[in-house]
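Look at the sequence and the structure, then read on.

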Amino acid sequence: MSTPLVLVTNDDGVFAPGLAALALALAPLGDVYVVAPDREQSTVGHALTLHRPLRVDRVGERRFSVNGTPSDCVNLGILGLLPAEPRLVVSGINHGSNLGDDVTYSGTVSAAMEGTLLGVPSIAVSLAAPEQSFEEAARIAQIVAMRTLVEGLPSKTLLNVNVPGGRPKGIRFTRLGHRVYKEKVVEEKDPRGKTYYWIGAGPPLWDNREATDIIAVQDGYASVTPLHLDLTHYDALQRLGQWEASLNAQLRPRRQR
Ligand code: MN
């Protein structure tokens, strides 16, 4: 079989050290192409740029900088810039964790979602202690990526990997934890006396139930959480589907007699 193409992106920008560490770690697995935002795009979520042109700069061999979001980069990579379809998309290594409910805001995880939606097995990798070396996280990304290349992933499923600081005690497969929303919005006055607001100011609080990604990383393990992109809640569809008849009945009485 020919050498697999691997598309690498991130949300911290094309010159972020975490991206360089990831590209280096994946080089033995195939031909690595980097397509990444030209500046930091953390917490942009799954945004796509549809209302202005995207520009691509070649910043090195198989390295491209894009004035867009992580999801733009994955689109451009898979649908245009790469010479063939990649066998794998890996996003990261993010400078900071992407745990629990925070995955919905994450540009790093959204890039892996985009790869998954385009039919390519995808992995997001984040380092919880970004002031530390990316070496251990890169090693974990490498072995998870290698296994994914060999086995593939279930349909519509991506892997969200979070690595603690220091030397991980091992790898745990986990479910997503949940944020506890306690903090209030901060309301202050600016120097001109105008009110401003600041959201997400305090440290996040998490539920402390077992088997979550948050607990694994707190305990010093790397967490691997499979995420599924069919967001349909099938139990709820079954139960709330019973609303259908009565909602339709409410639609009807307008008829003239
Ligand atoms: Mn980031």
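Q: How are the donor residues of the manganese ion spaced in sequence?
A: This is a predicted model, in which local features need pLDDT of at least 70 and side-chain atom pairs count only at pLDDT 80 or more, while totals for chains, interfaces and linings use all residues. Residues are numbered from 1 along each chain as its sequence is written, and side-chain values use heavy atoms, with hydrogens and water left out. Donors are N, O and S atoms within 2.8 Å of the metal (3.2 Å for Na, K and Ca), and sites may look incomplete because water is not among the atoms. The spacing of the donor residues is D-D-x29-S-x51-N.

Q: How many residues apart in sequence are the parts that D11 and N94 tie together?
A: D11 is in the loop between β1 (5-9) and α1 (17-26), where helices (H or I, at least four residues) and strands (E, at least two) are DSSP runs numbered from the N terminus. N94 is in strand β5 (residues 88-95), so the pair ties together parts whose separation in sequence is 83 residues.

Q: Which residues coordinate the manganese ion, and at what distances?
A: Both D11 and N94 are buried, that is, under 20% relative accessible area, with exposed over 50% and partly exposed in between (1.4 Å probe, protein chains only). The ion is coordinated through D11 (OD), D12 (OD), S42 (OG) and N94 (OD1), at 2.1 to 2.3 Å.

Q: Which residue of β6 stands opposite N94?
A: β5 and β6 run parallel and are joined by 5 bridges; two strands pair if DSSP finds at least two bridges between them. In β6, 6 of its 6 residues are buried. S122, A124 and S126 point one way from β6, and I123, V125 and L127 the other way. The residue opposite N94 is S126.

Q: What is the bridge partner of V125 in β7?
A: β6 and β7 pair in the parallel sense over 5 bridges. V125 of β6 is buried. Its bridge partner in β7 is V161.

Q: Is T49 buried or exposed?
A: T49 lies in the loop between β2 (31-37) and β3 (56-60). Its relative accessible area is 17%, so T49 is buried.

Q: What is the length of the polar contact between the side chains of T49 and D72?
A: A polar contact is a pair of N or O atoms within 3.5 Å; within protein, one must be able to donate a hydrogen and the other to accept it, and residues adjacent in sequence count only if both atoms are side-chain atoms. The contact joining T49 and D72 has a length of 2.6 Å.
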